Amino acid sequence: MTTGSLPATLGNSESAKETDQPITSVRVLYPDLHGIARGKDVPIQQFDGVVEHGLCFCAAVMGTDLRHTPVVGGEAGYPDLIVRPDLSTMVTLPWEPGVACCLANIEPAHAGTPVCDPRGALAGAVATVAELGFEPIVGPELEFFLVVRDPAAPNGIRRHVDNMSMVYTVGPLADPDGLVRRMTEQLAAIGLDVFAMNHEFMNSQYEINLNHSGALDAADRAFRLKAAVKDIAAQNGLHATFMGKPFNDQGGSGTHLHISLNRDGANVFADPTADQGVSGELGHFTAGLIEHAPALMAFLNPTVNAYRRIQPDSLAPTHANWGWDNRASFVRIPPERGGATRVELRVGDGSANPYLGIAATLLAGADGLRRKLTPPAPVSGDAYRAAEDVIGAPLPNSLDQALAALAQDTVLREGLGPAIVDTFLAMKGFELERHRSWVSDWEITEYLHHL
């Protein structure tokens with residue numbers, strides 16, 4: 001058995017100590033444009049060869065929709081892409097004894113061929129911010145529902161826990177089997193820097209909190225959290241979904257991004273001598289987010305379903321604005337100051353690809369910094385019904401509006417690269433056309449009997 005390519009510290013992880021299980025397989029994962037974990041399980045005997053040569057995949061997976069239609073790729077003859085294990089990301093999985101897992105870097109199989117690489121796009125966005133002299137720090141917040149597949153239930157699913165008013169609760173009443181608590185412990189054991197969990201606002205909705213870190217590391221941890229939560233739920237006969245709004249009688253799940261910028265180890269958004277204790281850089285960054293808000297919606301709310309949760313009084317913003325500690329605003333400035341000074345972008349859907357969402361957000365903020373944009377006046381109180389001079393422009397209220405805005409946004413297109421943006425637009429446009437032609441249950445209920 002060969003283990004020469006595995007990091008020397010792998011066998012010393014807390015999860016390995018608990019199971020004392022030899023590694024028999026390595027799972028190599030990378031994100032597609034949807035943010036779904038794609039990859040292969042490699043027997044340990046073959047892993048050294050994979051490190052040397054990489055693994056080949058049909059590149060059309062990056063342009064394939066969620067119904068397995070290859071929207072983009074056929075015109076090029078369905079060539080390969082290559083993924084190479086990033087050994088620095090190797091961990092063992094306590095919920096699958098004997099399995100180690102690492103992330104991978106993507107490269108084209110043919111030199112000079114464009115390739116869609118969400119993780120690489122985020123690395124590029126980090127470099128763009130670094131050119132301005134800053135290091136982006138990101139703290140993702142992710143929410144999800146735990147459901148049971150049930151053919152007799154509406155839409156084939158029912159909630160695992162179906163009690164009202166469970167927000168900020170823990171213990172057996174909120175988590176009867178201790179499943180989400182165990183998830184949190186296991187994710188902490190593999191180094192995802194998880195620090196807390198609780199039941200969220202909606203029935204059977206949970207949140208596992210991640211600490212902040214450098215942008216690429218934060219996206220890696222968010223990506224791994226989503227994949228792990230779904231795997232552990234499946235092992236326990238449940239389904240975990242980060243879909244924004246799976247139920248008509250409940251609100252939705254979001255992906256909130258807390259962002260700050262460091263320079264020489266200090267938070268540049270903090271300025272104790274300035275009004276409200278925040279710097280001009282925070283204002284410029286916020287103005288960039290507002291400037292590019294319509295196009296950002298495409299990556300932060302990338303599904304038809306995502307726009308069903310963006311409603312007044314939903315705690316999801318409806319206009320491109322900002323406010324001091326205002327949870328109804330597009331950009332919230334939390335009350336902490338000093339090293340914790342940050343912006344919170346609150347519009348993201350649970351379905352957002354963390355790599356593309358964070359990358360687009362950093363590019364938008366960097367544009368505000370580069371051009372020294374000035375934010376409008378802050379919105380206060382009820383941000384859904386604020387005065388016209390501060391409420392801001394309405395955000396796109398459908399996926400087609402957001403895609404149209406993305407198609408016109410040259411900053412995001414150039415920053416992410418045309419391979420990603422064009423493939424994303426084509427794939428999501430095809431998804432929209434399928435949705436438009438599909439007869440829904442609502443239409444049958446509404447029209448069949450009467451018309």
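**Exercise 1. Characterise the lining of the second largest pocket in this predicted model by residue class.**

Solution.
Step 1. Sort the lining residues by class: six are nonpolar, 11 polar and 13 charged.
Step 2. Take the space inside. The second largest pocket holds about 720 Å³.
Step 3. Look towards the centre. The lining has 30 residues, and Glu 143, Glu 200, His 256, Leu 315 and Arg 346 are the closest to the pocket centre.

**Exercise 2. Which elements give two or more residues to the lining of the second largest pocket, and which gives the largest share?**

Solution.
Step 1. List the elements: β7 (135–149), β10 (205–210) and β13 (255–263).
Step 2. Pick out the main contributor. With three residues, β10 supplies the largest share of the lining.

**Exercise 3. Work out how helices α10 and α12 are oriented to each other, and describe their contact.**

Solution.
Step 1. Locate the helices. α10 spans residues 399–408 and α12 spans residues 418–437.
Step 2. Read the geometry. Their axes come within 10 Å and cross at roughly 160 degrees.
Step 3. Classify the angle. Angles over 145 degrees count as roughly antiparallel, so α10 is roughly antiparallel to α12.
Step 4. Assign the hand. The α10–α12 crossing is left-handed.
Step 5. Name the contact residues. α10 brings Leu 399, Asp 400, Leu 403, Leu 406 and Ala 407. From α12 come Val 421, Phe 424, Leu 425, Lys 428, Gly 429, Glu 431, Leu 432 and Arg 436.
Step 6. Sort them by class. The contact residues of α10 and α12 comprise eight nonpolar, one polar and four charged. Gly counts as polar here.

Note on methods
Residues numbered from 1 in each chain as written. Predicted model: local features only at pLDDT ≥ 70, side-chain atom pairs only at ≥ 80, totals over all residues. Heavy atoms only, no water. Axes fitted to C-alpha atoms, helices over the stretch in contact; angles between N-to-C directions. Helix = DSSP H or I, 4+ residues; strand = E, 2+ residues; numbered from the N terminus. Parallel < 35°, antiparallel > 145°, perpendicular 65-115°, else oblique. Left-handed = near helix turned anticlockwise from the far one by under 90°. Contact = heavy atoms within 4.5 Å. 1 Å grid on protein atoms, 1.4 Å probe; cavity = no way out; pocket = protein on both sides within 12 Å on 5 of 7 lines; lining within 4 Å. Points joined across faces, edges and corners; volume = space filled by probe spheres on them.
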